[in-house]
Amino acid sequence: MSQSDTPDIQVLSTEVSQLRQELQLRDQLVQQLSQELFRLVKGNTSFMPQQPEFERDLSQLQALQEQLQAVEQQVAFYQEQITTRDSEIYQLRQSVQELTDRSRMLEQVVQELPQIYRRKFEERMMPVREKVAMLQRENRQLQAELQSVSYRLALKTRNASHGGIDLPNFPRPTSEQTNISTPQNA
């Protein structure tokens, strides 16, 4: 229901209340007239209205009754429209409430998503971190073993090539040291 329907309902409601007031006023006038006629007729039996006036009053009464029926039909029609619109308003309010609740729920989920993703990521990363830490420990252990084996192999190789004497290795001289004579063994 749009906002333009609300003023229409208010106008219709005002019109209905005015019509009801007119209807009550007419009912009161009809009742007063009938009481006055009854009092006049009862008090004066010789008084009989003239035929043309009676017919004119009767036709006016019939016209008023027809107008009354038309107004009653309009009131019933407007009342039915008001009831229909009230039920539409109720349904729309329920829809708005449901959509508002759903919107709040989705907003909460959206706000919680980063935390959920962080937690899930941490859960997935924990085995990876443990594996990396284990591989690093294993790598350090293997490097230590490799150094130990390399050292032992170097020692063994040195001992085997020098006949058991371990001599230091000096760097080879460049062009200046080539002039130094080397002792010759005869």
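Predicted model: local features only at pLDDT ≥ 70, side-chain atom pairs only at ≥ 80, totals over all residues.
1. Helix 2 (residues 51-161) gives the largest share of the patch, four residues. Helices here are DSSP runs of H or I with at least four residues, numbered from the N terminus. Leu-58 lies in helix 2 and is partly exposed, because its relative accessibility is 38% (buried is under 20%, exposed over 50%, partly exposed in between).

2. Now to the charged pairs: the count comes to two salt bridges, each a side-chain nitrogen of Lys or Arg within 4 Å of a carboxyl oxygen of Asp or Glu. In one, Arg-104 meets Asp-101 at 3.9 Å, N to O. The two are three residues apart in helix 2, so about one helical turn separates them. Arg-104 is exposed at 53%, while Asp-101 is partly exposed at 38%.

3. Glu-122 pairs with Arg-129 in a salt bridge, with the closest N and O atoms 2.9 Å apart. Glu-122 is partly exposed at 37% relative accessible area, and Arg-129 is partly exposed at 46%.

4. A word on reading the model: residues are numbered from 1 along each chain as its sequence is written. Local features need pLDDT of at least 70, side-chain atom pairs count only at pLDDT 80 or more, totals for chains, interfaces and linings use all residues, and side-chain values use heavy atoms, leaving out hydrogens and water.

Key: Buried < 20%, exposed > 50% of the residue type's maximum accessible area, 1.4 Å probe, protein only.
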